[in-house]
Amino acid sequence: MAPFSDYLTDGVNDLRLKPRILRSLTRDLDDTGDRRSRLFDGEELANILEKVQLHGLLSEVLPEGYAGKDEAKLREEWRSAVDAWIERLLLLVSDKMPQKCWAGTCLLGVTIGECTSERLVASYAVWFEKLLQNIQASSNNRFVYEASYACLSDLFTRLSSFPNVKKESTSFSGRLVQPVLQLMDGDGSFMEAAIDLLCTLIKFYPSAIYRCYDKVESALASKIMSGNSNMEALKKISGALALLPHAKGDSGSWSVIMQKLMISINLLLNDVFEGLEEEGKGPEIMKLLVPAGMEAPPLWDQKNKPEENTHATRRLRESISPLLCSLTYSCCIMLTNPYPVQVIIPVRPLLTLIGRVLNVDGTLVSKTVFPSTTSLYQELLCSELPTFHLYILDLLIATIKGLKSQLLPHAASVVQPVTDYFRRATHPSIRAKVYYTLELLLHSMGVGMSLYLAEHVVSNASIDLDEGRESICISKLGNAGSLKSSPKKRKRGRSSSQSNGVEEETNSVIAGKKSTPLFVKIAALRAMGTLLSVGGSLKSESWRLEADRLLINLATKSLNTFTGKAEKYLCIGESATSQEECCLVALQALLSSLLSPSHVRPPYLSQGLELFQKGKLEIGTEVATFCEKALLALEVLIHPRDIPLVNYPIPIAAAVSINEFDDDEMHPGWWGASDDEIQPLGDVNGDTQPQSMEVDAQKSQGVEQERREYNREAATLSFETEKIESSSVLPPQAPVDLLPSQDLQNTGRDTKYTVSQDTVDDRQGKKSYYDLLGNNSLGGKELMNDSDSESSDSAPPVVADGLDTESD
Amino acid sequence: MEGEMIIASSPVDTGVNSWGLNSGTKLLNYKVCSSPRHGLTSVGSRFIASSQIPASRSASTAPIYFWSWDKPQFGVKSFPAEPIGPLTANSEGTYLMGGGSSGSIYLWEVASGKLLNKWHAHYRSVTCLALSDDESLLISGSDDGCVRVWNLIMIFDALKAQSGLSYLYSWTEHALRVTDIVVGRGLSNSIIISSSEDRTCKIFSLSEGKIMRSIPLDSVADALAIDPGEHRFYAGCRDGKIYIKSLNAENNPTIGILFDHSVAVTSIACRDGTTLVSGSEDGIIRIWDIMTQHVVRVLKHAKAPISNVLLVKPTRQGTNLAHQPPLSKYVDSSEGDLGRNIVILPQPCWKPNFLSSGLMGRQLKEFQENNSSAVAEMEVERLRIENKKLVEMAEKWKKLCQDQQSFYVKELLDHTKP
């Protein structure tokens with residue numbers, strides 16, 4: 001049945017191969033005859049999928065400028081092969097047997113993603129109807145459902161880019177909303193796939209959702225509030241709820257959803273934190289959320305609210321924790337996702353809410369014990385509290401990301417609670433997240449923020465990173481700078497007022513711990529690296545040395561561990577990949593520490609170079625790649641130099657700056673003042689200094705040569721053009737035709753004349769000026785460097801060349 | 001809208017003129033503007049803002065105008081509490097900062113027009129404002145020669161504000177009025193260059209917090225620009241020359257002079273190290289090629305001195321100023337004021353995300369592992385259908401068999417009959 005008998009002339013690259021493979025795959029999908037069983041073993045299907053994607057069998061695109069003599073024939077072949085393929089798939093899609101239906105639907109989905117636009121526009125209606133039937137059939141299998149929804153989602157995603165079918169596809173999409181809603185009202189199986197479809201519709205067909213906005217909102221909200229789906233599904237639903245305002249696309253609906261989410265979180269916390277925080281926090285936030293005189297939006301009701309007599313443990317773990325997670329997740333998505341119009345973000349309530357959660361540390365605040373707050377409840381809450389804090393830190397991170405520079409007025413009020421909290425936080429994953437928060441703050445607020453955070457980042461990082469001195473780290477933290485209140489004092493103050501014991505316990509946890517988990521170290525290193533690159537040299541005297549020391553030690557240690565030179569074996573929970581990541585991050589932070597300018601030469605430069613050199617040998621790893629970049633970056637530090645622009649037009653002046661650099665009086669950096677401070681620290685530095693001089697001297701000669709040549713050309717060019725285009729204002733580079741006529745008129749003839757005159761005068765003036773300058777500067781230097789005399793010689797040629805061309 | 005534009009204004013009412021930088025074509029004239037030096041700025045490339053010179057010396061206030069890129073008439077007119085001289089905005093266009101004649105600095109949130117903060121920064125009027133490269137520090141220069149660096153976060157820190165002295169640095173090296181300030185790159189290690197009527201430029205180091213160098217000039221520099229690579233900076237002076245000063249050499253830092261203006265250079269702007277735009281007292285704008293030190297183009301603004309020349313890159317769609325509230329006069333200290341920020345989230349641009357092939361891969365894996373209920377269900381369904389088919393088939397065969405049997409029996413009987 002093979003339609004062609006000829007061989008492939010181009011072998012694997014022959015385009016005629018594609019329709020042939022597709023035909024053979026279509027035959028494989030045929031379930032009549034002997035092949036029937038192969039479709040059901042999965043491997044065959046995987047093979048078909050792989051072939052289709054690998055060879056791009058459905059694209060029907062001939063390469064640009066394909067000029068085979070059989071082009072038309074090839075197109076036709078390919079087209080008919082795809083036709084046969086789709087026909088086969090559609091048969092499968094409407095097959096009663098779930099396996100076939102599933103296979104057909106999946107492959108149709110792939111086809112929708114890859115087929116040509118013409119094909120899609122021509123036949124999407126048929127495909128849609130087929131898929132819709134599958135969704136509406138009640139007896140379907142999960143695989144079929146999922147595949148059908150994914151397929152529909154792909155179909156609408158792709159259709160959204162064709163404006164000519166927008167109207168029809170919108171009406172099609174409207175027909176889907178009802179089945180999706182029904183599915184959500186049901187027991188919630190297959191829901192995730194349907195939510196994906198819903199999200200696609202919200203994104204690309206907001207008008208379809210607009211009509212049943214309220215229904216969709218309540219369906220999503222009730223799913224979240226009931227809280228009895230698994231975490232994965234809940235996240236999807238929360239994401240969809242956060243996307244929902246796009247269906248309306250106005251600022252108001254965004255605000256309402258945000259307000260509802262925050263009120264729900266706040267009410268939830270009222271319940272949970274009773275007795276564990278000062279009273280009045282909840283109402284205070286409510287007042288901020290719903291300003292006086294405004295009405296609160298109708299809230300989503302918590303459908304199957306847990307009974308009062310449900311065991312408190314289960315209530316916390318099974319209902320409240322997932323609910324808090326999904327509500328905060330929704331908020332995060334809303335804050336960070338783009339939105340078509342300006343929105344009003346309630347920053348103050350958000351930050352107050354975050355502060356509220358972070359403030360609760362599980363200790364009782366009031367002496368009057370609430371009936372609900374039993375010691376058992378406290379215990380339970382304390383076990384869940386770190387999770388709550390993690391969620392709320394995510395919310396803080398999203399706020400920082402979403403607000404960007406607009407956080408500025410609130411920055412100080414973010415820093416205070418976070419740094420306070422950091423001092424108390426002991427839980428590793430919380431510490432890692434706080435480090436990330438600080439890092440983000442540094443990124444978004446820059447230098448100004450580094451002034452606020454430096455002490456905190458360094459003092460905390462020295463706890464987490466300094467393995468050798470962990471036992472004394474507490475007292476170290478107490479001494480570190482003049483922090484507003486040292487943890488020691490805090491501890492004393494607390495334990496004297498309450499005999500709770502939590503605080504003491506946490507301190508002993510830090511002190512007694514053998515080593516910090518790697519991911520905390522990685523987070524700490526990242527924060528340190530950011531701090532050093534953002535604000536490493538501004539008012540950093542108090543912490544800079546300590547930070548540099550910490551980083552070089554850690555980088556050395558982690559590189560040794562990574563290369564296997566250290567005797568340390570993998571600890572529990574430290575995989576080889578995380579070792580590598582730690583090493584990489586440590587080296588990155590070290591590079592920041594070396595590059596970040598302080599007012600002295602980096603004290604650990606030579607050690608750092610050695611480390612990078614060592615790391616570079618681990619070929620094929622990320623570490624090696626990074627080390628190579630680091631060496632390149634540090635090269636400038638080893639050979640500080642000031643290379644003038646190569647094509648700078650004034651030779652003498654440029655030579656002056658080079659000479660000045662070569663001269664010992666001159667500082668290679670920006671200014672001369674700190675010259676005295678640069679002391680060679682180790683042997684490496686001592687060696688490199690003279691070398692760099694030599695190199696620079698050579699370089700400057702080379703540059704000099706080039707420059708002189710360039711100038712000769714430039715001078716020739718400019719003199720010529722000035723002569724030729726003496727009536728034009730325009731100097732050589734700008735084409736005359738670009739000059740607008742009115743400008744020419746505006747400036748008038750006089751100006752033109754003066755301009756060109758000026759340019760010439762200027763040139764002459766400059767020459768004499770620089771002659772003077774050159775002679776002055778050459779006074780004591782003539783014997784020092786050959787390039788001096790050369791460059792002084794080179795002054796006349798500019799004019800001479802110009803004259804030459806003139807005589808030409 | 002053109003790619004990059006030059007805009008220029010004068011201290012007398014000439015409006016703001018705009019030209020395409022590459023074509024030199026004159027674009028719009030934004031009407032009614034007499035802006036003081038440094039009083040013209042583009043707010044986040046979204047629109048133009050300019051403070052105005054008060055109508056008379058005794059006037060207690062002067063407006064600030066906003067123009068959208070596509071309309072010659074101003075869209076918003078605001079009246080601050082006092083005449084504002086220099087104006088500057090951050091690159092996102094969220095904040096607008098203005099320096100008052102009393103020495104106060106005002107900080108507005110652009111989207112809401114709220115005056116977020118106002119603080120007494122100098123004893124004499126503020127003459128220029130500049131933001132550091134990461135826009136967290138504000139550098140202000142004053143009539144009395146004082147240059148101060150402000151940490152904007154600290155400005156909003158209520159606790160620190162109470163203790164007073166909220167500036168990071170205060171440099172008093174200039175003897176006379178500060179005329180311009182430019183800030184280099186390098187985060188905490190940036191340099192700040194200021195020019196003054198005392199005929200010097202001074203280079204300050206942000207990290208060291210002190211003056212690094214003082215560069216004497218032949219004349220008073222009114223305008224500064226820094227090369228993006230920070231090799232050198234340009235000082236436009238009252239003697240009509242633009243001095244190119246090296247940032248690397250200490251003695252004889254002059255490495256060139258651009259000289260074409262016969263009258264004082266009042267404002268300069270530099271782009272990517274190759275093009276310099278200068279405006280002078282006679283209302284002429286010159287575009288220079290820095291490499292060759294030639295004038296590439298001459299533009300005529302007006303028969304009046306130029307107060308500001310800026311290089312701007314308007315955003316494609318521009319901003320409709322119809323909903324832009326004017327800047328408010330006073331700080332609203334009520335609770336709700338700071339509580340809500342109007343935030344421009346980025347425009348959504350949904351990337352198509354095809355689910356099918358990913359899902360198919362996951363399902364295939366599950367299918368091959370053969371351990372989920374859905375797979376089992378599917379298998380059961382398949383077996384049921386196959387079973388049904390087989391039963392049907394068996395029935396058919398049975399029937400066939402019976403037919404055959406009856407046929408043969410009949411045949412046999414027929415044969416035996418005769």
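1. Helix H10 of chain A is largely enclosed by the rest of the structure, because 11 of its 14 residues are buried. This is a predicted model. The buried set includes A:Tyr213, A:Val216, A:Leu220, A:Ile224 and A:Met225.

2. The length of H10(A) checks out. The helix runs over residues 213-226 of chain A. At 1.5 Å a residue, its 14 residues should span 20 Å, and the end C-alpha atoms are 20 Å apart, which agrees. After the helix comes A:Gly227, with a positive phi near 65°.

3. Now the charged pairs. Over all chains, the structure holds 32 salt bridges. Side chains of opposite charge can pair when their charged atoms come close.

4. Take B:Asp180 and B:Arg37. They form a salt bridge, and the closest N and O atoms are 3.5 Å apart. B:Asp180 sits in strand E16 (residues 178-183) of chain B, while B:Arg37 sits in the loop between strand E3 (26-30) and strand E4 (40-43), so the pair ties together parts that are 143 residues apart in sequence. B:Asp180 is buried, at 6% relative accessible area. B:Arg37 is partly exposed, at 23%.

5. B:Arg177 and B:Asp143 also meet in a salt bridge, at 2.8 Å from N to O. Both are loop residues of chain B: B:Arg177 lies between strand E15 (167-171) and E16, and B:Asp143 lies between strand E13 (137-142) and strand E14 (147-151), so this pair ties together parts 34 residues apart in sequence. B:Arg177 counts as partly exposed, with 32% relative accessibility.

6. B:Arg382 and B:Glu379 meet in a salt bridge, at 2.5 Å from N to O. Both lie in helix H5 (residues 373-416) of chain B. They are 3 residues apart, about one turn of the helix. B:Arg382 is buried, with 14% relative accessible area, which is under the 20% cut-off. B:Glu379 is partly exposed, at 27%.

Terms used: Residues are numbered from 1 along each chain as its sequence is written. Chains are lettered from A and ligands numbered from 1 in the order in which they are written. This is a predicted model: local features need pLDDT of at least 70, side-chain atom pairs count only at pLDDT 80 or more; totals for chains, interfaces and linings use all residues. Side-chain values use heavy atoms; hydrogens and water are left out. A salt bridge is a side-chain nitrogen of Lys or Arg within 4 Å of a carboxyl oxygen of Asp or Glu. Helices (H or I, at least four residues) and strands (E, at least two) are DSSP runs, numbered from the N terminus. Buried means under 20% relative accessible area, exposed over 50%, partly exposed in between (1.4 Å probe, protein chains only). The expected span of a helix is 1.5 Å times one less than its number of residues.
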